[in-house]
Amino acid sequence: MVPFGGWEMPVQYSGIIEEHLAVRTRAGLFDVSHMGEVELAGPGALALAQRLVTNDVARLAVGQALYTPMCTPEGGIIDDLLVYRLDDARLMLVVNATNTQEDLAWIRAHAADDVRVIDRTAEVALLALQGPRSLAILQRLTPTPLETVPYYRFRDGVEVAGRRTLVSRTGYTGEDGFEVYCAPGDAPHLWSAILEAGRPDGVLPAGLGARDTLRLEAGYLLHGNDMDTATTPLEAGLGWTVKLQKGEFIGADALRRQKAVGISRRLAGFTLEERAIARHGFAILHEGTPIGRVTSGTFGPSVGKSIGLGYLPPEHAEPGRRVAVEIRGRAVPGVVTKLPFYTRPQPAPA
Amino acid sequence: MYPKDLRYSKEHEWARTEGNRVRVGITKFAADRLSDVVYVELPQVGAEVSFMQPFGVVESVKAVSDLYAPVSGRVAEINRALVEKPELINTDPYGEAWMIVVEPRDLAELDRLMDAAAYAAMVGEATS
């Protein structure tokens, strides 16, 4: 167990690689109750969210979620989050545990009288069941037909193991999966029930260590490592979440300018030729000259290689470009790699 | 319990005397704490190592740890199989996962290491 953003979290249960591979081939269960949940309620909820985030929340149907950064006026990323449209005048923002307090303060500072900002973090627990067997396992515990909950959709009021939950088809692993929001008092029961229901499938509890190897293989970013208030979504490869045509939002002007002028650095993936791990802060070299820094790195158990992310000048950020990472005084050679490092096998067309 | 024919350093390396050479690895305690070893960096054959100075690293997904030489001398052999399959550290830490063989300058250095009972006590396990 380690301290993480004000919470005690397990790094691993049986082993990072074992848990990682379980998620990729069967299923793994994560306790991610440390995430922050902020509810926006009232006639001004949608407008507030639309101002705060770069993605277009007006396009959300009730029962739909989206992924978006939340920016400063300079376009720096305060946090990345999911926005759930609970109903016409209620949204739920799910934010990183490490940023929950800052996010709340920022949201409250921008809220007018027509919206209530409610910190639901202490009232919500969250379990994430991820992997190809997730649907089959969770289905044993609920009468709701889960195949009617597509990717990035959710259903509130779903009974799982006899308890009331919100189930969303989302996750941070690159696999199919479900995130189950529940009352904290119900979480231990749900945890046990899911592990029991998934026993024939070989479900494993999984911790922060596997969470990191899985997300990095899938090309997902971690706020604090890969992006922060000094980086913009355009630099971080999140341009697809920036909907400049949706209307005004905080950071829009800065991002518009940056888009016109061009970015001076870009987050890129790289793969190394040795298994030595590129750690946050290590220098990335091109022909011996430092050109950037590693923001995240690990050994990817499913790709069998040392992988990582780092900011590079755009001309060096092209897949196939040769780079090296300085690890303990040595330049370990590698190559810029298109993300994601790992794509889950798709079912063959019928 | 820990093999009785080995000597142990406080940094969790073991040393086995083989005639006039010493074979070196890390203990199960260290291997378990590391888990998921993905990379081992060993010195070149011919390199000099010094008592309780770093001679390499073992890297897991979580962290990098230095390896400390339990004896001074010249590296006579390195375990290339371990470099290929670092996960051997977790499955056979005293056998196939040996790291280096040293030609020691002074075998008396081994007296500064712990025996199995003392090591077991240090890591907080009862001896059987």
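Which residues have the most contacts inside the largest nonpolar core? In this predicted model, they are A:Ala49, A:Val83, A:Leu127 and A:Leu129, and the core they belong to has 132 residues. Strand S6 of chain A gives the most to this core, with six residues. Domain 1 (2-214) and domain 2 (264-350) of chain A both contribute residues, so the core lies between them. In soluble globular proteins, nonpolar side chains tend to be buried together.

Leaving aside residues up to four places away in sequence, A:Leu129 touches A:Ala27, A:Leu29, A:Ser134, A:Ile137, A:Leu138, A:Gly177, A:Phe178, A:Val180 and A:Ile194. Strand S9 of chain A covers residues 125-130 and pairs with strand S12 (residues 177-182) of chain A in the antiparallel sense over six bridges. Within this pairing, A:Ala128 has A:Glu179 in S12(A) as its bridge partner.

S9 and S12 belong to an open sheet of six strands in chain A, ordered S10-S11-S12-S9-S3-S13, with mixed pairing. Strand S10 (154-160) and strand S13 (204-206) of chain A stand at the edges with a single partner strand each, so one side of each has no neighbour in the sheet. On average, neighbouring strands of this sheet are turned by 30° against each other, direction ignored. Helix H1 of chain A lies across strand S3 (28-31), S9 and S13 of that chain, and runs at about 115° to S13(A).

Strand S6, the leading contributor to the core, also takes part in a hairpin with strand S5 of chain A. S5(A) spans residues 65-71 and is mostly covered, with five of its seven residues buried. S5(A) and S6(A), the latter made of residues 77-87, pair in the antiparallel sense over seven bridges. In this pairing A:Pro69 stands opposite A:Asp80 in S6(A). Five residues lie between the two strands of the hairpin, and A:Gly75 in the turn has a positive phi of about 90°.

The remaining topic is the contact between the chains. Chain A supplies 13 residues to the contact and chain B supplies nine residues. On the side of chain A that touches chain B, helix H1 (16-25), helix H6 (208-217) and strand S16 (289-300) of chain A each supply at least two residues. By class, that side of chain A has six nonpolar, five polar and two charged residues.

Technical notes:
Residues numbered from 1 in each chain as written. Chains lettered and ligands numbered in written order. Predicted model: local features only at pLDDT ≥ 70, side-chain atom pairs only at ≥ 80, totals over all residues. Contact = placed C-beta atoms within 7 Å. Helix = DSSP H or I, 4+ residues; strand = E, 2+ residues; numbered from the N terminus. Nonpolar A, V, L, I, M, F, W, Y, C, P; charged D, E, K, R; others polar. Buried ≥ 20, exposed ≤ 12 C-beta atoms within 10 Å, placed from the backbone. Pairing = 2+ DSSP bridges. Axes fitted to C-alpha atoms, helices over the stretch in contact; angles between N-to-C directions. Core = buried A, V, L, I, M, F, W, Y, C linked by C-beta atoms within 7 Å. Domains from an automatic or database assignment.
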